[in-house]
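Please put the structure up on the screen.

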Amino acid sequence: MRVKVKLFATLRESTGVSQLDLELTGSKVADVIYTLVDMYPQLSSMLDSNGKLKKFYKVFLNGRDIDHIKGLDSPIKEGDVLAIFPPVAGG
Amino acid sequence: MLSERELVRYGRQLLVSKLGKDGQLKLKRARVAVIGVGGLGCTSSLYLALAGVGKLLIVDSDRVELSNLNRQILHWTKDIGRLKVESAAEKLREVNPEIEVEAVAARVTEENAHELIKEADLVVDGLDNFKTRFLVNDACVEQGKPFVHAAVHGLEGRLMTILPGESPCLRCLLPAEPPEVKPIPVLGATAGVMGCLEAMEAVKVIAGVGKPAVGRLIVVDGLAMAVEEVRVERRPDCPACSRRQQP
């Protein structure tokens, strides 16, 4: 299936990519995250030593925080938009 | 009451639909605390002063450095070495002598956070780290004070307004404190845009007009010149706001 991924702030800086259409096999948000990390190993900074997403990296599926769906197990479908926000602290 | 001078000074915004004299009087009676007078705090406090917020409390413990001057518009080259609150208060008083400005040269700590915001009707985020933002968030939630949050990075800015008891708070958005990374890249204009949006939100909440960014994170993507919006929900287990009842 094909989903759209938007990257922000430091994730955009480290990959040089602000958005991409991702063709992947899988059915969950985790599949998108791991596909991305395979493509851009520098994105492994989002994951902790257990391969879980660090709590201060926010992933929104079609505008909704995946923490309020099923986390990395949240189901995805063709055409979904995933936005990944690293923390931004400057003032 | 608004004086003749105030009626002229604020004339253009008195014409703003829904704001009017009632809104202006609410601004005049309002006390706003701006925590941090760096890039965000300089811009937000300047526009709040210009808008006629009756009392501004500005809090910061730092001194002006050369590296601040690309974005901290109340601090000028001649101010290097001065306390930021002194430098900022001087300009704010000059730009609008009708308002009161109180400068507090202090670092926000667990001990003083509650006291610092006690007198404020609304608190504006001018901070550059989440450790202090969480302290201010928690104090605002506890005291039921609206808190306008913003943060910047590069050409990107984020904004969310917190109305304790009604909305998710900063800890609902970020359930863990991110590690501090310094220095943070920031274009001055990014801090300016976000500081202006903070001032706009503060004015709206005080005057009771419009729809603030409550339960919504607004992401200003300057690189793409686009605005994204995502939904932020309350966490039932939020350590700060879960104990506050929804009205």
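Strand S3 (58-61) of chain A and strand S5 (147-153) of chain B each supply at least two residues of the lining of the largest cavity. Strands are DSSP runs of E, at least two residues, and helices are runs of H or I, at least four, numbered from the N terminus. This is a predicted model: local features need pLDDT of at least 70, side-chain atom pairs count only at pLDDT 80 or more, and totals for chains, interfaces and linings use all residues. Residues are numbered from 1 along each chain as its sequence is written, chains are lettered from A and ligands numbered from 1 in the order written, and side-chain values use heavy atoms, without hydrogens and water.

The lining divides into 11 nonpolar, 1 polar and 2 charged residues. Nonpolar here means Ala, Val, Leu, Ile, Met, Phe, Trp, Tyr, Cys and Pro; charged means Asp, Glu, Lys and Arg; the others, Gly among them, are polar.

Now the rings. Phe8(A), Phe60(A) and Phe85(A) form one aromatic cluster. Rings of Phe, Tyr and Trp (its six-membered ring) pair if their centres lie within 6.5 Å; planes under 30 degrees apart are stacked, over 60 edge-to-face, the rest tilted.

Phe8(A) is buried, at 1% relative accessible area, and Phe85(A) is buried, also at 1%. Buried means under 20%, exposed over 50%, partly exposed in between (1.4 Å probe, protein chains only).

In chain B, Phe130(B) and Phe134(B) both lie in helix H7 (residues 130-143), 4 residues apart, about one turn of the helix. Phe130(B) is buried at 6%, Phe134(B) at 3%.
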